[in-house]
Amino acid sequence: MKRDLILAVRRMSDVLTTLFFFIIVVSLFPLGIGPEVEILRMIAPGVVWVAAILASMLALGRLFEGDYRDGTLEQMLLAPQPLSVLVLGKVLAHWAVSGLPLVLMAPLLGLQFGMTAEGLGVLLVSLVLGTPAISLIGAVGAALTLGVRGGGVLVSLLVLPLYIPVLIFGAGAVEASVTGLGAEAHLSLLGAILALALCFAPWATAAALRISLD
Amino acid sequence: MAFAGINWFKYSSPATFYPLAGKMMPWFAGLAAVLTVIGLYMSFFVAPTDYKQGEAYRIMFIHVPAAWMSMFIYVVMAVYAAMGLIFNTRLSAMMASSLAPTGALFTFLALWTGALWGKPMWGTWWVWDARLTTELILLFLYIGFMSLEAAIDDPRRATRASGLLAIVGVVNVPIIYFSVEWWNTLHQGASISLDKAPSMATIMLASMLVMTLAFWMYTIAMVLYRVRCEILERERHSEWVVALMEERK
Amino acid sequence: MSEFFAMGGYGLYVWGSYGVTALVIVAEIVWVVQRRKVLLKRLARMSRLTKG
């Protein structure tokens with residue numbers, strides 16, 4: 001995992017590409033919809049969340065691609081540690097460089113949409129809980145499409161439907177707090193999804209990698 | 001594994017299953033045709049006009065069976081995929097991929113007929129109700145399954161990868177349904193409750209069940225036909241297929 | 001008879017549903033039969049080629 005982090009930091013440009021993609025997508029919405037603060041405030045959680053999902057999808061292709069090309073992945077299969085643990089490390093490292101910057105940038109973008117301080121706080125928490133789950137679920141898709149032609153488009157077809165619960169609870173949490181309903185229920189469900197993803201996704205990803213490298 | 005004195009694993013060999021499927025296929029196809037005729041007769045001539053929905057409710061006789069089959073087929077597909085991955089049986093993997101197109105077809109039909117039923121009844125083609133949304137996601141899952149299988153050149157890897165995807169999908173469908181339901185209750189204003197199912201007369205229920213059975217038999221016939229193609233394609237270099245081709249000449 | 005096809009004013013919806021269902025099912029049947037035909041032709045050619 002340490003190695004992954006170092007490698008990723010070295011490829012700073014990749015990190016920045018994902019981040020700028022996220023920022024640009026979010027900034028396009030006011031231009032497309034109009035500058036009315038009321039409308040923008042209403043759609044802000046959904047826009048930020050959808051953009052975050054698209055941005056992390058963009059980064060998904062790089063999750064295993066490098067290790068697949070240079071043969072590190074095959075060594076991982078033969079390593080004494082269980083593959084799912086190694087996968088978990090890789091995914092967390094991937095999240096730290098592709099997901100975490102989005103989370104930190106999100107409140108700033110929320111300000112552009114005229115969100116309140118409370119809403120921004122909930123948005124931050126929901127992204128902290130939700131984006132790791134997105135990375136974990138996406139890893140299964142990335143492993144399945146490893147080395148497949150047209151893999152980039154294919155992976156979005158496979159994993160986007162599976163992201164729906166995260167999107168609903170993530171954006172829903174912010175919306176609930178803004179409308180005064182309280183975000184606790186949404187956030188705890190988001191936490192439950194993250195816990196489930198932590199349990200099952202590394203295992204499924206490991207199985208998918210075994211299939212892909214067979 | 002001897003169940004009632006039959007060795008089931010014997011039939012899981014493609015070479016033995018191929019002729020067996022060929023023999024069974026016409027029976028299921030025939031049953032499907034007979035049941036469809038009975039079902040259509042019951043739906044249009046026996047079942048009375050609904051006092052609330054008029055004649056439009058007759059769409060239900062294909063809508064509900066199609067929706068049931070779309071979910072049922074996905075579960076069966078995932079079970080076959082799991083069997084294929086765990087026991088490494090070639091035939092169950094082939095069954096899974098043979099089921100997918102018919103499942104996708106019923107999912108599409110459930111959505112299509114649902115829209116055509118919704119328009120006259122609720123005045124809208126589509127609502128973001130949990131059931132409708134989940135059905136739409138189910139269609140995406142079917143399409144993902146088939147695209148993944150089509151994109152991978154190595155047939156062994158293709159079936160195993162898509163099999164894993166089917167299992168991941170089947171775990172997710174209830175979660176998706178639940179989350180959309182939750183989301184929907186939050187946005188009550190815009191949605192229409194579809195839960196007020198009118199108490200159905202026995203005859204309506206009966207014709208719906210007959211139609212479901214007809215769709216089921218159709219699915220089995222279709223899958224048997226398709227799995228025979230699948231077997232021939234994948235085993236084309238094996239001795240028995242070569243011998244079979246010699247015989248046909 | 002025309003009353004039957006009118007379906008109490010809902011004809012378009014009812015027949016739209018049943019019609020598309022029939023169409024899609026027929027299309028699927030044609031599609032798999034075609035697939036088998038093409039496949040058998042290919043296999044026959046293969047077996048001729050190996051026989052020489």
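Predicted model: local features only at pLDDT ≥ 70, side-chain atom pairs only at ≥ 80, totals over all residues.
Residues count from 1 along each chain as its sequence is written, chains are lettered from A in the order in which they are written, and side-chain values use heavy atoms, leaving out hydrogens and water.

**Shape of chain C**
- The C-alpha atoms of chain C fill a box of roughly 65 × 15 × 5 Å along the principal axes.
- Buried residues (under 20% relative accessible area, 1.4 Å probe, protein chains only) make up 35% of the 52 residues in chain C.

**Where B meets C**
- On chain B, 42 residues are in contact (heavy atoms within 4.5 Å) with 30 residues of chain C.
- About 3,300 Å² is buried between chain B and chain C, with 72% from carbon and sulfur atoms; buried area is the accessible area (1.4 Å probe) that two parts lose on being put together, summed over both.
- B:Phe44, B:Tyr225 and B:Met245 supply 16% of the area chain B buries against chain C, more than any other three residues.

**Salt bridges**
- Chains B and C share three salt bridges (a side-chain nitrogen of Lys or Arg within 4 Å of a carboxyl oxygen of Asp or Glu).
- B:Glu233 and C:Arg35 meet in a salt bridge through their side chains, at 3.9 Å, N to O.

Notes. Buried < 20%, exposed > 50% of the residue type's maximum accessible area, 1.4 Å probe, protein only.
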